[in-house]
Amino acid sequence: MTGQRLFLRRFKVRQKQQLKAWNSVLDWSVWIYLVVPGIFIGCGLYMELWTKELPQWSIDLPWQWFAHITLFIVFLTNRAAIFVEPADRLFLMQSTSWMNILRFCCLLWTALHTSLLYMMVLVPFLPFLHRLYDYSLWQFTYAGLQVWLFGLIFIYLEHGLVSKSGLNGWRKIAAEIVMAGLVGVLFFMTSLIYLDANGLVLLVAGAVAAVLLLGVLRIPMNVEQQIERSEKMKSKTTELLMSQVIEKKPVIRLSRPWVWRTSQKIFRSSDPGAALAELRIKAYVRKLAHVQHMASFLSVSLAALILAPKEAAFVLVPCFMLIAVSWLRAQWGQWITEEFIQQYPWTERQKNYGIVLSRCILLLPASALWGAVAGFKFGGIGIAVAGLACIAAIWMLLHLFLLRAYKNKQVETP
């Protein structure tokens, strides 16, 4: 057994685990009805981008910036994958040469894996970059190599930071943000300065990546952190595929939250319904999954507004509001049944008051943004400000009417 054979054996085991996880989800019915038709339809649409005239909406979009920003986001999410196991604490740590060879092979595999990933991300942008900006083959190659080398620089810097300093928690996150900012500034500066695909940038970035690789190998590896990261990477695909099937128990966090750290009051009202609305707003904002889902829905809806004809913009805004309202209503039904909320004797009027007030506050920014985008499509910045104010005013007045009705007990259902 050598270090190279150990890497190959663990690499095969990892790939078999990933393949087994995908096979558990992609059965024959999924392949026949979803995967194969999706591949044919996607390839057909992609060929049309090369052979037919580009859509009118795509001509004025800054595809160069879209490509660079997308690639930059992708390389920020990549990390070095070292194939270490919990038993290595007892056995492999005794053989330094095997550990160094395993680490070197894993870092090389990370470089190869990231290059394939960047190629997959860059391919959808090729028709727009070639037909709109007349990019040559060398410029495509230059862009891919540039982001690949800068990505390796960030990966090796992050791996060296974890191995050398052993930072954890917010200190590690802060250090990664600083490194990502520095690498990102260099990346975008070289992208703007050397627009003619200057090979000197690639030579310098390649030399820096090679020096960092050799320097990282001289730093003793933090085995505990690499084992923890390796276990997370092994189960990442399974967790992703089974996320909608496995019911997760809520995690009780004893540390103070990032938002409303002192649990101060939001509303001056002493109404119990307002207190319930405060609890709901804080619980919603403090849960990252809810914020991510809302941000995803907001981005998709804004893209739909931008691409839709201007006559349909103000028709789409109420549709998006109804979708968001039904979504918040379903989340409210789950949240109101939690033990902490159920221990208080809320009346039906207080529940209705709380859901209306919390919904008004949570969806007010999104509603105003939808109105601003719809107004901008009609007549520029002036109409955008008017659309923002109009939609926000209608939204507030509607909920104020409902809140007054609930307070006077004139309405029984929301």
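Select Phe-320 first: in this predicted model its side chain is buried, with a relative accessible area of 9%, and Phe-320 belongs to helix α12, which spans residues 310-335.

Next, widen the view to the whole structure, where a search finds 11 aromatic pairs. One of them joins Tyr-46 and Trp-50, whose ring centres are 6.4 Å apart and whose planes meet at 75°, so this pair is edge-to-face, the angle being over 60 degrees. Both residues lie in helix α2, 4 residues apart, which is about one turn of the helix. Tyr-46 is partly exposed, with a relative accessible area of 23%, and Trp-50 is also partly exposed, at 31%.

Stay on helix α2, residues 28-51, and select Val-36, which is partly exposed at a relative accessible area of 34%. Then extend the selection to Trp-28, Trp-31, Ile-32, Tyr-33, Leu-34 and Phe-40, which together with Val-36 form a nonpolar patch on the surface, with about 860 Å² of accessible area together.

For the last stop, select Trp-63, Phe-66, Phe-125 and Phe-128, which ring pairs link into a cluster.

Technical notes. Residues are numbered from 1 along each chain as its sequence is written. This is a predicted model: local features need pLDDT of at least 70, side-chain atom pairs count only at pLDDT 80 or more; totals for chains, interfaces and linings use all residues. Side-chain values use heavy atoms; hydrogens and water are left out. Patches are made of residues with over 30% relative accessible area and no salt bridge: like charges are joined within 9 Å, nonpolar side chains (Val, Leu, Ile, Met, Phe, Trp, Tyr) within 5 Å. Accessible areas come from the Shrake-Rupley method with a 1.4 Å probe; for residues, only the protein chains shown count as cover. A salt bridge is a side-chain nitrogen of Lys or Arg within 4 Å of a carboxyl oxygen of Asp or Glu. Helices (H or I, at least four residues) and strands (E, at least two) are DSSP runs, numbered from the N terminus. Buried means under 20% relative accessible area, exposed over 50%, partly exposed in between (1.4 Å probe, protein chains only). Rings of Phe, Tyr and Trp (its six-membered ring) pair if their centres lie within 6.5 Å; planes under 30 degrees apart count as stacked, over 60 as edge-to-face and the rest as tilted.
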